[in-house]
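Dear colleague,

I am passing on the structure we spoke about, and below it you will find my notes on what turned up. Please keep it open while you read.

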Amino acid sequence: MEPLLNIEDLRVYFYRPEGVLRAVDGLSYKLYRGEVLGIVGESGSGKSVSVLSILKLLPANGRIESGSIIFDGKNILKLSKEELRDLRGKDIGIVFQDPMSSLNPVITIGQQVMEPLLWHNLCSKSEAYERAKEMLGMVGIPLPEERMKEYPFQFSGGMRQRVMIALALICRPKLLIADEPTTSLDVTIQAQIIRLLKRMKEEFGMSVILITHNLALTTNFCDRLIIMYAGNMMETGKTKDILYNPAHPYTKSLLDAVPDIEVEKDLIPIPGTIPSLIDPPNGCRFHPRCPLAMDICKEEVPPLFNIDTDHYSACWLHRRA
Amino acid sequence: MKDRENKKRIGRSYWANIWRKFKKNKLAIFGLVFVFILIFLGILAPWLAPYPYDEVHYEAVWTPPNRQFWAGTDQLGRDIFSRLLYSLRNAVFVGLGAQAFITFIGVTVGLTSGFYGGKIDNILMRIVDIIYSFPSYLLNIILVLVLGRGYLSIFIAISATGWAGMARLVRGQTLSVKSREFIEAARASGASNSRIMFRYILPNIIGPIIYAIFSGIPGVMLLESGLSLIGLGVRPPMPSWGLMISEATGQFLYNPYMLLAPAGMLVLTLLSFNFVAFGLRDALSARE
């Protein structure tokens with residue numbers, strides 16, 4: 001089956017006065033239609049940058065150095081500005097991290113939700129109004145017709161994130177990118193938002209990429225996971241395999257650092273900090289923090305070793321002697 | 001109870017909030033009422049003035065204020081009250097007109113410069129720097145001399161030097177709004193550059209722009225009076241406060257009303273515009 005999104009050997013570099021920052025360094029993955037992919041990693045591991053490049057929304061000093069991004073049969077890196085704009089919001093919707101600042105404070109909620117439909121000339125104004133009302137109702141905003149006349153400051157954080165989801169879904173995109181959609185919300189609201197995303201996914205059948213640093217959020221939602229570290233993919237596989245049968249030492253230490261409400265255990269933090277991406281360590285980027293580091297880890301970058309069906313891990317431990 | 005609360009919340013938009021805060025400032029409201037009266041008087045001057053501005057009454061030269069001539073007459077026996085009204089008309093005309101020119105140029109340049117950045121920003125801002133560093137009153141005088149006297153050349157002369165400040169302000173505001181997250185969110189849902197500029201950036205910086213417009217009008221009026229004072233304003237016999245003040249200076253000790261009337265009007269007008277501007281600044285800066 002043809003994947004909806006096929007990213008190959010993506011390299012995104014940022015040009016800073018201090019040097020070249022390799023935010024994403026050789027990332028490849030596929031996303032199939034109707035699939036939910038979770039990208040997990042610490043801050044600065046390149047997870048957000050890798051998806052922002054899909055929309056080409058990088059800051060001015062960021063450049064896609066090499067690689068290809070094929071979305072729905074089109075090479076995104078070769079699209080013109082107009083073609084790209086047509087894709088944004090229509091075929092790919094995105095929900096950002098901070099709902100408090102992602103809405104225009106001087107335009108009513110209703111207008112903002114309607115706008116993508118009108119920009120892409122998908123329907124008339126009155127139809128857009130009806131669709132926006134319906135969509136706001138679907139994402140769980142009570143009295144959508146009245147609330148459409150209100151301004152963002154009259155909405156709470158959780159409600160604004162619901163609005164953002166409605167905005168991202170209003171054009172029925174083929175791909176929804178959720179870039180840490182719950183980071184700035186309360187824990188109870190986080191669960192609500194993930195449940196809402198799941199329901200919307202079932203309703204519309206689009207593919208979803210969920211970016212998070214919270215492994216717990218991925219369990220019930222994601223079909224497949226990618227674990228990223230310092231711009232590289234460390235491990236990928238079905239969510240169940242990764243959570244119950246992690247192969248990579250980094251994934252294992254991540255899981256050791258997650259609290260479990262049922263089992264009393266000591267949380268084991270990962271020693272050290274994420275390496276500088278301007279001057280990354282040689283070999284495996286995790287080796288300075290890895291408890292199992294060997295000599296080869298310091299010299300050579302590990303390839304992805306096949307662990308199981310669809311389960312790969314980039315660690316020299318899996319090399320069969 | 002909850003329904004009532006809901007109803008009250010709805011419709012309390014950005015502008016409703018500003019108006020609510022503006023209303024609390026008595027001086028600003030007073031100024032606003034006065035500004036409206038002034039604009040009204042200015043527009044209706046030809047119908048309200050008791051005499052034509054250039055009608056000469058030789059039998060009543062230098063008459064102090066009385067029942068026939070409410071503000072007295074000048075050295076040619078022209079009714080000062082009528083001339084004040086016509087001057088007001090000119091001042092309002094020049095103030096609003098030139099300020100409209102300034103706003104148009106300043107907002108266009110500032111928005112373009114701040115939004116696109118890079119080379120465009122550099123070139124436009126160097127032009128602004130040049131205009132800023134040039135003695136503007138001198139440039140005004142030269143422009144009026146070159147273009148000839150008249151409304152249009154006064155507009156052009158004043159706005160040619162006045163837009164630089166507006167452009168700088170708008171550029172700065174644009175830069176601060178441009179980096180906010182909802183701009184990126186708009187881009188992500190497919191907004192074009194012009195949509196982002198006019199629907200997302202401009203409405204978010206309209207507050208400071210309105211303040212700048214109102215606080216700029218008195219300056220423009222003062223410039224026009226200044227040009228008239230040295231004989232480069234509107235063409236006589238069309239009156240202007242500046243011209244009237246200059247005609248009255250020699251008479252000040254004998255006929256002080258000739259100087260006090262136009263000077264008083266000038267001060268009152270400038271003050272009322274400034275009060276409105278201050279009220280707007282306070283109302284607009286208190287953000288949600």
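Predicted model: local features only at pLDDT ≥ 70, side-chain atom pairs only at ≥ 80, totals over all residues.

Helices here are DSSP runs of H or I with at least four residues, strands are runs of E with at least two, and both are numbered from the N terminus.

The buried residues are Trp241(B), Gly242(B), Leu243(B), Met244(B), Ile245(B) and Ala248(B), and they pack against α5 (80–116), α10 (193–229) and α12 (256–285) of chain B.

Two residues deserve a look for their backbone angles. Most residues other than glycine have a negative phi, and most peptide bonds are trans. Leu143(A), although it is not a glycine, has a positive phi of about 50°, and its place is in the loop between α4 (125–138) and α5 (144–147) of chain A. Is Leu143(A) buried or exposed? With 11 other C-beta atoms within 10 Å, Leu143(A) is exposed, because the cut-off for that class is 12 or fewer. In chain B, Trp62(B) also is a residue other than glycine with a positive phi, near 50°, and it lies in the loop between α4 (45–48) and α5. Trp62(B) has 15 other C-beta atoms within 10 Å and is partly exposed.

Turning to the strands of chain A, eight of them form an open sheet with mixed pairing, in the order β6-β7-β8-β3-β9-β10-β12-β11. At the edges stand β6 (92–95) and β11 (305–308), each with a single partner strand, so one side of each is left without a neighbour in the sheet. From one strand to the next, the twist averages 20°. Within this sheet, β3 (residues 36–40) and β8 (residues 207–212) of chain A run parallel and are joined by five bridges, and Leu37(A) has Ile209(A) as its bridge partner in β8(A).

There is also a hairpin in chain A, in which two residues connect β1(A) to β2(A). Its strands, β1 (residues 5–16) and β2 (residues 19–31), run antiparallel and are joined by 10 bridges, with Tyr13(A) standing opposite Arg22(A) of β2(A).

With kind regards

Terms used
Residues numbered from 1 in each chain as written. Chains lettered and ligands numbered in written order. Pairing = 2+ DSSP bridges. Axes fitted to C-alpha atoms, helices over the stretch in contact; angles between N-to-C directions. Buried ≥ 20, exposed ≤ 12 C-beta atoms within 10 Å, placed from the backbone. Contact = placed C-beta atoms within 7 Å.
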